[in-house]
Amino acid sequence: GVSWKLADHPKLPKGKVVAMVVLDGWGEAHDNQYNCISVAETPTMDSLKNGAPDRWRLVRAHGTAVGLPTEDDMGNSEVGHNALGAGRIFAQGAKLCDLALETGKIFDGEGFNYIKGSFESGTLHLIGLLSDGGVHSRIDQVLLLVKGASERGAKRIRVHALTDGRDVLDGSSVAFVETLQNYLAELREQGIDAQIASGGGCMYVTMDRYENDWDVVKRGWDAQVLGEAPYKFKSALEAVKTLRAEPKANDQYLPPFVIVDESGKAVGPIVDGDAVVTFNFRADRMVMAAKAFEYEDFDKFDRVRVPKIRYAGMLQYDGELKLPSHYLVSPPEIDRTSGEYLTHNGVRTFACSETVKFGHVTFFWNGNRSGYFDSEMEEYVEVPSDSGITFNVQPKMKALEIAEKARDAILSGNFHQVRVNLPNSDMVGHTGDIAATVVACKAADEAARCLKFTLTDTMHSMILDAIEQVGGIYVVTADHGNAEDMVKRNKKGEPALDKDGNIQILTSHTLEPVPIAIGGPGLLPGVRYRKDVPNGGLANVAATVMNLHGFVAPDDYETTLIEVVDN
Ligand code: 3PG
Ligand code: CO
C-alpha cells in the first residue's frame, strides 16, 4: 500500500491558504505586436514579474519536460495540468502510441485483438482528429494504424476525419485530407476497400469536452453512425475544398459532411458487426463520444440507431470510469498525484473553472481521473461556459465569475488550497483573433488581480486581493504558451509569409516557457527560488506547492523550486 503521510517541512508552516492560479495559454515571449500578452494591459502579471526577483521565474512547459515525444512538441493543457498535479513526468499518450506502433505491440494487445473480431465480416471505422498537431492525435499514427489493420485482415476501412485548424494552421485540413485520401487510394489498389466516409470541424463535430454541448457529439454521431449530414460529397477532398471556399470558413468549424456513392448513398455508416476505434490519444474531447459508443443506457441525445459494434479507444480515456473498456494502448499510469496526497494530509481543496476548462483543474490535475478523492475534503465548482459561440466574441469569458468563486472560497476559511484555471488567453488565442485575444489577456489578468488590497477599489476584489486579506500565499503560473505568440514564424523567428506574402495567424499553442510567481503575506520572508533548478518545468510545481502547505514532497517527485533562507 501507498504510505500517504507526507513529512513535515522543516521550516514552512501548515494551514496557510494557497491560491493556485493557472492562466491557460500564457507563455513568456519577447515584446512584439503578435504578443497579445505584452500588448494587453496586464498590471497584475506585470507587478508579479517586476516584483521580488527571486519569486518570479520561468518554467518549461513543452516537449520532454511534460512527457511529449520531442522538443518540437508544443505544450498543451492535458500534459501541462498532468505535470502540475502529479509532480512527475510521465511518458504521455503521444509517446506511448509512438512506441506501441514502432514496436508493433499495439497489434498484439487486447484492444486490437478485440476489434479484429469484426474484420472478417464487418467494417473497421476510425474516428478522430486529422492533423499533425500532436495534441489529441497525429496523422502519422493514423496511417500506421490503417496500414497495420489492413495487413492483419481488415478488408473494409472507413475513416471519419475531423478537421483541426486549432493545433495547426487554419486551412491545413486540405493537405491532411489529401494525404489520407491518397494513402487509402493506394490501399484500394491492393484490394482493400478503404475510404474516408465523413468529416467535419473538430469544434463543431464530435470533439466537445466536459459536456459543454452534446449537440456537437450528436452531429458526429449522425454523420458517422447514421450516415446523415447536411452536406454530401463524392470525396473528402472535394468536401473540405468546397466547404473552405465559403466565406469565413474555418477548419475548426467545418459543417458535418458524409461521402456518398454514385447513387447518393453514404459510403460508411456504422452498422451491426462493425468495429470502431477513436484514434485520439487525448481524453477530454473523446470521452463524450466514447460514452455514446459504449454505454447502453444513454440519454444525452437520441442515437436513433445503436449498432452492435466492437469499440476501442486509442487509449483508455478515463481511468476511474474505465472508459472505454477496450483500448489499443495503455494510458500513462498517473498515480499518487499531489491532490490525492494533500487530501490524506488534511489539506482541504477547492477547484474551479468554467465548463470548457473545468476538467483541466480536476480531471487532468488528478491524473485523468474523474470525481473526488475525498468529497469531505474537496469541492469542485464548475461555472457554466457559454456554448455555441467562438470565444473571440466573448473574450472575457467567465473569468470574473471564476475569480469571484475563488475569492469566496479563500475568504470562507474552509479551504487550504484554492485552485483555478483562467481560460481566456488560451480559448481566445485558439480563435486566431488577435484583437480579441488582447482583451482576453486583460480579462484574465484582471481576474487574477493585483496584489494591493484596497477596500475602496471599485473593481471586484479578486483572487490575489483575497489572499492578501487572509494572509495567504499565491502561486500564479500557466500550463503552456498560446497568446504570447499569434503568428507562425520562420527559423529566424520572423513572421513566416505564405505564398501571397501574408502572415499566417498561429491559432495553436507554442514552445514558450511559462511564468511562475509566488508571494503573498503568508509566505515566509526567506522563501525564494533555488538557483540550482534552471531547467525546472511544470512537474516541479507540485513539490513546491506541497512545501507551501507545510509538507515535503515524496522522494520520487520532481524537486521543489523553492528554498528557505534565514534572514
Ligand atoms: C483544444 O482541445 O482546445 C486544443 O486542441 C488544445 O487546447 P488545450 O490543450 O489548451 O485544451
Ligand atoms: Co489550448
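Helix 12, which spans residues 355-364, is mostly covered in this predicted model, with ten of its ten residues buried, a residue being buried if 20 or more other C-beta atoms, placed from the backbone, lie within 10 Å of its own. Residues are numbered from 1 along each chain as its sequence is written, and chains are lettered from A and ligands numbered from 1 in the order in which they are written. Local features of the model need pLDDT of at least 70 and side-chain atom pairs count only at pLDDT 80 or more, whereas totals for chains, interfaces and linings use all residues.

Ser77 lies in helix 3 (residues 77-86) and is buried, with 25 other C-beta atoms within 10 Å. Asp24, in the loop between strand 1 (18-23) and helix 1 (36-39), is likewise buried, with 27 other C-beta atoms within 10 Å. Beyond its neighbours within four places in sequence, Asp24 is in contact with residues including Ser77, Lys357, Asp426 and Asp479.

According to an unreviewed UniProt entry, the annotation "binding site" covers Asp24, Ser77, Asp479 and His480; such annotations may be inferred rather than shown by experiment. These residues span 457 residues in sequence, yet no two of their C-alpha atoms are more than 7.5 Å apart, so they gather at one spot. Asp24 and Ser77 are also among the residues surrounding ligand 1, together with others including Asn76, Glu78, His136, Arg285, Asp426 and His430, the criterion being a C-beta atom, placed from the backbone, within 6 Å of the molecule. By class, this shell has one nonpolar, five polar and six charged residues.

In the largest nonpolar core, which has 172 residues, Ala19, Val21 and Ile463 touch the most other members; such a core joins buried Ala, Val, Leu, Ile, Met, Phe, Trp, Tyr and Cys residues through C-beta atoms within 7 Å. Helix 15 (residues 434-448) contributes the largest share of this core, eight residues.

Notes:
Ala, Val, Leu, Ile, Met, Phe, Trp, Tyr, Cys and Pro count as nonpolar, Asp, Glu, Lys and Arg as charged, and the others, Gly among them, as polar. Helices (H or I, at least four residues) and strands (E, at least two) are DSSP runs, numbered from the N terminus. A residue is buried if 20 or more other C-beta atoms lie within 10 Å of its own, exposed if 12 or fewer, and partly exposed in between; C-beta atoms are placed from the backbone. Two residues are in contact if their C-beta atoms, placed from the backbone, lie within 7 Å.
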